[in-house]
Amino acid sequence: MSRAHTVVDSKSTLRSAKGKHAFDSVFRALDRVDALRTLREAWTSDGPSQIDLTGTIGSLPACGLAKLYQQCPRPTLVVLSEPDDASHWHDDLNHLIGPEHVVRFHSWEILPYEFRHPGPESIGRRLEALW
């Protein structure tokens, strides 16, 4: 079982030609969701916080995270158990807040019981994400 992570690290600048964010209508709709208000409180609290989005489906959690991130940018780590889920989150966040603000921390691409070292490409991608 491998793990993949997506890191969001600075203020977004994804804008349409009219100067509005391309997903403004989605973000306005999220303002009407009661659960997002609870998440916003945890997000804006002083110090580190853990927000559990288990049980949400589709791109809704990534949209909610992007909305919170745009209101109050802060370093964020998203931990997912499946590489496919990490890929979907990475793609969603790239579109919502911009690819210059999202980095994927790739898995080792080897199983724990395999007696070999990860390839240089795998090591390079992980180091690049940490840089």
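Here is a quick tour of this protein chain, from its overall layout down to single residues.

This is a predicted model, so local features need pLDDT of at least 70 and side-chain atom pairs count only at pLDDT 80 or more, while totals for chains, interfaces and linings use all residues. Residues are numbered from 1 along each chain as its sequence is written, and side-chain values use heavy atoms, with hydrogens and water left out. The chain has 5 helices and 3 strands; these are DSSP runs numbered from the N terminus, with helices being H or I of at least four residues and strands being E of at least two.

**Overall layout**

- Of the 131 residues in the chain, 30% are buried; here buried means under 20% relative accessible area, exposed means over 50%, and partly exposed is in between (1.4 Å probe, protein chains only).
- The accessible surface of the chain is about 8800 Å², and carbon and sulfur atoms hold 57% of that. Areas like this come from the Shrake-Rupley method with a 1.4 Å probe, and for residues only the protein chains shown count as cover.
- Among contacts with a separation of 6 or more, 72% join residues 24 or more positions apart; a contact means heavy atoms within 4.5 Å.

- Helix α2 covers residues 34-44, and L36, L39 and W43 are buried in it.
- Looking down the axis of α2, its buried residues fall within an arc of 60 degrees, so they line one face of the helix. That arc is taken from the directions from the helix axis to the C-beta atoms.
- As background, an α-helix has 3.6 residues a turn, so residues three or four places apart point the same way.
- Over on the other side of α2, you'll find D34, T38 and E41 exposed.
- The buried residues of α2 pack against α1 (24-30), α3 (60-71) and β2 (76-80).

**L65 and its surroundings**

- L65 sits in helix α3 and is buried, at 9% relative accessible area.
- If you set aside neighbours within four places in sequence, L65 is in contact with W43, T76, V78, W89 and L93.
- T76, one of those contacts, belongs to strand β2 and is buried as well, with a relative accessibility of 11%.
- L65 and T76 are 11 residues apart along the chain, and their C-alpha atoms are separated by 9.3 Å.
- L65 and I51 are 14 residues apart along the chain, with 9.8 Å between their C-alpha atoms.

**Two more pairs across the sequence**

- R28 is part of helix α1 and is partly exposed, at 49% relative accessibility.
- Between R28 and K67 there are 9.1 Å in space, C-alpha to C-alpha, although they are 39 residues apart in sequence.
- D91 lies in helix α4, which spans residues 83-97, and is partly exposed at 37% relative accessible area.
- D91 and A62 are 29 residues apart in sequence, and their C-alpha to C-alpha distance is 9.6 Å.

**Salt bridge and cysteines**

- The structure has 1 salt bridge, meaning a side-chain nitrogen of Lys or Arg within 4 Å of a carboxyl oxygen of Asp or Glu.
- The side chains of E114 and R116 form that bridge, at 3.2 Å from N to O.
- Both ends are partly exposed: E114 has a relative accessibility of 29%, and R116 has a relative accessible area of 45%.
- There are 0 disulfides in the whole structure, where a disulfide is a pair of cysteine sulfur atoms within 2.5 Å.
- C63 is buried at 14% relative accessibility, while C72 is partly exposed at 29%.

- W108, I123, L127 and L130 make a nonpolar surface patch of about 410 Å².
- Patches are built from residues with over 30% relative accessible area and no salt bridge; like charges are joined within 9 Å, and nonpolar side chains (Val, Leu, Ile, Met, Phe, Trp, Tyr) within 5 Å.
- L130, one of the patch members, is in helix α5, residues 120-130.
- L130 is exposed, with 61% relative accessible area.
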